[in-house]
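Biologist: I would like to learn how to read the surroundings of a ligand. Can we go through them step by step?

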Amino acid sequence: MDWSSAFLLLFIFFLCSIILNYMRIFKEKATLPPGPMPIPFLGNLFQIDTNDLATTLMKMKDKYGPVFTLYFGPKPGIVICGYKALKEALIDQNDVFGDRGDYPVFLNFIGVHDLAFTNGEGWKNRRRFALLTLRNFGMGKRSIEERILEEAQFLMNEFRKTNGSPVNLTVYLARAVANVISSIVYGNRFDYKDKRLKAITDSIYNNFCITSSMWGNLYNMYPNLMDYLPGPHRKLKTNFQDIYDITDESIKKHEETLDPENPRDYIDCYLIKIKEEMNNLDSDFPAKSLRRTVQNLLFGGTETVSTTLRFGILVLMKYPEIAERMQEEIDRVIGRDRSPATVDRNKMPYTEATIYEIMRFCDVIPISLPHVTSKDTIFKGFFIPKGTYVAPLLTSVHYDPEYYAEPNKFNPNNFLDDKGLFRKNDAHMPFSAGKRICLGESLARMELFLFFTSLLQNFTFKPIVPKEEISIRPTASGLGNVPPKYKCRVLPR
Ligand code: HEM
Ligand SMILES: *[C@@H]1O[C@H](CO)[C@@H](O)[C@H](O)[C@H]1NC(C)=O
Ligand SMILES: *[C@@H]1O[C@H](CO)[C@@H](O)[C@H](O)[C@H]1NC(C)=O
């Protein structure tokens with residue numbers, strides 16, 4: 001065969017696969033919800049701003065309605081928007097919409113047998129075990145409250161040392177928050193100078209930035225292709241590995257000193273569980289699953305909370321009158337002579353409402369984590385087959401005009417009634433909803449309250465630019481909404 005006929009053959013083959021692909025797409029699109037027309041292999045790549053996924057999806061919601069189809073790569077997924085539709089899916093049809101969809105930026109590096117990216121009985125058992133263990137070590141209880149307050153003191157001592165010079169809060173906040181979850185998982189906090197703590201927070205911060213950028217978004221859409229292309233996404237693996245190295249070392253130490261009668265932390269409890277199930281060949285707790293679940297807890301528990309703090313402080317610098325009202329309430333209810341406590345929350349509606357508003361407005365995890373349908377279903381009149389990728393657009397809940405009069409404005413009154421008492425709003429889902437709801441919700445809420453109140457009790461945060469110049473729109477969105485970079489002065493009160 002000569003060159004020209006080889007080329008011709010290749011061309012025909014290419015043409016056929018395009019035609020077949022279009023036929024598949026037309027067949028799929030006939031029954032799925034509406035959405036923009038994809039092209040073979042690349043899907044809707046050219047309709048998606050890969051640097052700002054959440055905004056793209058919000059614009060499409062305006063065009064196509066509360067449920068639409070989008071090809072994230074070659075395969076179709078559905079995007080569910082607004083409080084009503086998301087409640088119908090995640091809560092009312094919990095059974096169908098509660099499974100985890102493929103999420104290559106994590107799945108390809110952490111793999112199966114974890115807490116966050118797998119499904120089935122194994123996931124259910126590991127999740128139940130993790131929740132129980134976290135509770136035993138104080139999640140939602142006084143013991144962890146003391147740990148958080150102690151960490152807040154360490155953090156504030158560092159702030160005192162800055163003597164009012166401009167500081168980058170990122171590293172300070174990440175280390176304090178990472179230490180809270182480290183205490184539960186590893187059984188110890190780290191000194192702020194400890195290289196291991198720096199490795200943990202750097203790895204998590206960097207991976208959060210990558211997964212929230214164009215690179216992470218492209219990786220999720222075309223993982224097989226991206227594995228061969230250069231770019232920051234190639235760092236994902238080494239960053240996860242850095243945390244594995246620290247975890248493995250810690251597990252080894254735990255094994256050497258384990259007293260089965262007196263488990264000290266999450267790792268001890270897990271080691272005991274692994275031993276109990278040693279003779280069970282398909283145990284849901286194989287030895288290799290420990291480091292993976294630790295990875296989930298550290299990653300899930302660090303960047304989310306520290307980004308909310310960092311973003312929240314930025315917003316409070318833009319609206320200093322709101323920060324002052326919080327400080328007035330702190331002085332009135334707690335005073336200056338003692339540390340805050342979670343029981344103060346009920347007596348501090350303004351502070352509580354402001355923290356809820358920060359979580360709504362900053363919308364740190366805008367598209368939740370992906371879900372997948374576990375069986376065929378009818379949703380909003382459309383037939384959705386089993387195995388369809390589902391993106392729950394939490395942004396559209398937090399900016400739902402049916403539930404918030406002026407969603408684009410930061411306003412704690414969204415969570416206050418006429419008498420100034422705290423008022424719930426259904427359209428508040430920063431932790432998502434249903435059986436996949438964030439496992440760390442109660443820990444996160446406790447941390448946010450205690451860190452915000454401790455910090456504002458002792459300090460005022462001052463911007464280094466006029467407040468009118470502060471931007472409070474995220475600079476990138478993917479897994480997370482990343483706040484603008486900034487420095488500020490931390491001045492003792
Ligand atoms: C402000 C703080 C936090 C926010 C906004 C947040 C948000 C979320 C969201 C949106 C999900 C996905 C739920 C879904 O699949 O629909 C999630 C899952 C998860 N979060 Fe959080 N989270 C926070 C703090 C934490 C903390 C402190 C921990 C650790 C204790 C944690 C551990 C996890 C885990 C393990 C999952 C996976 C759950 C599963 O797949 O079953 N998160 N989180
Ligand atoms: C913060 O204020 C509390 C209450 O007045 C006090 O006990 C604590 O020592 C202060 N911490 C720092 C680091 O200033
Ligand atoms: C703050 O520190 C982070 C993490 O090291 C870095 O990425 C960021 O650029 C810094 N921000 C500023 C304003 O310097």
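Biologist: Which helix gives the largest share of the shell around ligand 1?
Modeller: A helix here is a DSSP run (H or I, at least four residues), numbered from the N terminus. H14 gives the largest share, six residues. Helix H6 (120-136) and helix H14 (289-318) each supply at least two shell residues. Keep in mind that this is a predicted model: local features need pLDDT of at least 70, side-chain atom pairs count only at pLDDT 80 or more, and totals for chains, interfaces and linings use all residues. Residues are numbered from 1 along each chain as written, chains are lettered from A and ligands numbered from 1 in written order, and side-chain values use heavy atoms, without hydrogens and water.

Biologist: Which residues come nearest to ligand 1?
Modeller: A residue is near if one of its heavy atoms lies within 4 Å. Of the 27 around ligand 1, Ser368, His371, Ser432, Arg436 and Cys438 come nearest.

Biologist: Which protein donor does the iron atom of ligand 1 have?
Modeller: Donors are N, O and S atoms within 2.8 Å of the metal (3.2 Å for Na, K and Ca); water is not among the atoms, so sites may look incomplete. Here the only protein donor is Cys438 (SG), at 2.2 Å. Cys438 is found in the loop between helix H17 (394-398) and helix H18 (441-458).

Biologist: What polar contacts do side chains make with ligand 1?
Modeller: A polar contact pairs N or O atoms within 3.5 Å. An oxygen atom of ligand 1 is 2.8 Å from a side-chain N or O atom of Arg100. For His371 the distance is 2.7 Å, and for Arg436 it is 2.6 Å.

Note on methods:
Polar contact = N/O pair within 3.5 Å; in protein donor to acceptor, adjacent residues only side chain to side chain.
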